[in-house]
Amino acid sequence: MEQQDQSMKEEGRLTLVLALATLIAAFGSSFQYGYNVAAVNSPALLMQQFYNETYYSRTGEFIEDFPLTLLWSVTVSMFPFGGFIGSLLVGPLVNKFGRKGALLFNNIFSIVPAILMGCSKVAKSFELIIISRLLVGICAGLSSNVVPMYLGELAPKNLRGALGVVPQLFITVGILVAQIFGLRNLLANVDGWPILLGLTGVPAALQLLLLPFFPESPRYLLIQKKDEEAAKKALQRLRGWDSVDREVAEIRQEDEAEKAAGFISVLKLFRMRSLRWQLLSVIVLMAGQQLSGVNAIYYYADQIYLSAGVQEDHVQYVTAGTGAVNVVMTICAVFVVELLGRRLLLLLGFSICLTACCVLTAALALQDTVSWMPYVSIVCVIAYVIGHALGPSPIPALLITEIFLQSSRPSAFMVGGSVHWLSNFAVGLIFPFIQGLGPYSFIVFAVICLLTTIYIFLIVPETKAKTFIEINQIFTKMNKVSEVHPEKEELKELPPVTSEQ
């Protein structure tokens with residue numbers, strides 16, 4: 001019985017405190033990211049009409065087509081630009097305020113713009129919307145990096161994968177909720193769109209009220225704050241038992257192994273040979289995630305549904321259905337990531353996306369000559385969404401938490417986040433030009449999926465059920481260095497780690 005109890009403690013379990021901390025962090029932050037991605041899609045024409053009317057009330061003239069399109073493009077692209085700025089703030093904020101503190105601070109960038117967007121119509125100011133899109137972008141840039149970091153450091157090693165996928169699950173739930181609220185008979189109408197935009201402040205307000213009652217990351221408390229007592233108390237609350245000495249010892253071991261390096265800045269990260277393959281893997285996975293055509297698929301989806309004979313009024317419901325498929329498949333990823341592992345899900349996901357892009361190219365090229373081809377296009381869209389939800393969407397942020405140790409993790413998230421948002425921004429700018437290729441535009445995305453799949457197959461190791469130190473030792477061999485940090489030989493003196501992280 002005692003042995004069984006000990007093995008359960010080594011494995012770690014999902015306690016009420018850990019589950020609630022995960023839900024509140026993900027709902028309060030990741031949900032908003034997804035919500036703000038999709039919230040402006042449905043009311044786009046109504047908002048452009050508002051821009052025009054506002055300009056007319058000021059000048060007595062309407063905006064011409066090109067300046068209006070440009071103004072709308074700026075509104076939309078402010079979000080990824082803000083995300084890039086948010087990514088650059090990750091390191092300073094998580095080191096100064098802690099992981100939980102950074103999430104609480106981040107709510108400023110949600111509640112303020114929610115009020116501004118909600119009042120924009122009354123204030124007759126489209127400038128408020130543009131500024132607010134920048135602010136919610138900063139919020140998304142911070143949360144997309146801090147939430148996986150926070151949850152990865154709270155979780156025991158056997159649950160780290162499942163909890164690491166939860167932020168992506170809430171992003172997809174946020175997209176779906178925005179699609180549902182964005183139905184024309186709900187909030188995507190003349191009176192409702194400011195409310196649709198302003199609702200993003202609700203999750204932030206709930207997080208601001210509830211998250212202070214949950215523990216800070218024990219690794220942050222012990223390694224960066226040097227407060228062992230607080231770290232022990234946090235672990236005891238998270239694990240549901242008093243005996244956390246083995247886990248504290250493992251965290252202390254990571255601290256010892258890292259003392260030589262001190263805080264690793266982004267510049268230092270690029271210069272360190274011992275982190276070369278980790279850094280390259282993060283850049284490839286984050287770029288592959290965004291450049292593999294996920295935004296293009298969503299952009300094209302409406303046209304594909306229309307060409308398949310879906311009535312124009314019903315397209316919004318089919319789009320929401322696609323969002324629901326995304327949610328369901330991400331839920332599947334939560335449950336299978338510890339069973340199948342990260343590497344297999346990435347390979348499977350990118351391979352499905354590659355196949356879907358290739359078949360979709362053929363289907364779009366032949367849809368005018370073969371009567372049933374539009375239905376093949378719909379299947380391809382759904383297959384692509386399934387593939388992306390299994391691996392490319394949820395796994396890269398989880399891997400950043402796993403393949404870097406405490407001192408380099410904030411800078412790694414800054415790099416990964418910057419690549420994520422710059423790639424997102426680039427797709428938004430370049431895709432209209434790629435569209436000129438017509439159905440063959442998806443060949444570009446197929447090539448990116450193929451290259452990313454080859455890289456994962458050759459380079460990315462499996463990290464399932466391993467401690468942070470064990471994962472780092474795998475990369476130590478790949479980087480051909482004798483220890484974690486060349487400045488000081490630490491790991492040679494340390495015994496192998498078998499305890500939970």
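Let me start with L390: setting aside neighbours within four places in sequence, this residue is in contact with M329, A333, L345, L348, I352 and I395, where contact means heavy atoms within 4.5 Å. Please keep in mind that this is a predicted model, with local features needing pLDDT of at least 70, side-chain atom pairs counting only at pLDDT 80 or more, and totals for chains, interfaces and linings using all residues. Residues are numbered from 1 along each chain as its sequence is written, and side-chain values use heavy atoms, with hydrogens and water left out.

So, is L390 buried or exposed? L390 counts as buried because its relative accessibility is 10%; buried means under 20% relative accessible area, exposed over 50%, and partly exposed in between, with a 1.4 Å probe and protein chains only. You will find L390 in helix 18, residues 373–390. Helices here are DSSP runs (H or I, at least four residues), numbered from the N terminus. The C-alpha atom of L390 is separated by 31 Å from that of E250, 140 residues apart along the chain.

Now to helix 5. Residues 108–123 make up this helix of 16 residues, and from its first C-alpha to its last it reaches 21 Å, close to the 22 Å expected at 1.5 Å a residue. That expected span is 1.5 Å times one less than the number of residues. Where is the kink in helix 5 centred? On M117, with a value of about 25 degrees; the bend at a residue is the angle between axes fitted to the seven residues ending there and the seven starting there. M117 is also one of the buried residues of helix 5, along with F109, S110, P113, A114 and S120. Those buried residues pack against several helices, including helix 2 (16–38), helix 4 (65–106) and helix 6 (126–154).

After helix 5 comes K124, with a positive phi near 50 degrees. K124 sits in the loop between helix 5 and helix 6, and it is exposed because its relative accessible area is 53%. K226, not a glycine, has a positive phi too, of about 60 degrees. Look for K226 in the loop between helix 10 (218–224) and helix 11 (228–239). K226 is exposed, as its relative accessible area is 53%.

Last stop, L437. This residue lies in the loop between helix 20 (409–434) and helix 21 (441–458). L437 counts as partly exposed because its relative accessibility is 45%.

Notes:
Helix = DSSP H or I, 4+ residues; strand = E, 2+ residues; numbered from the N terminus.
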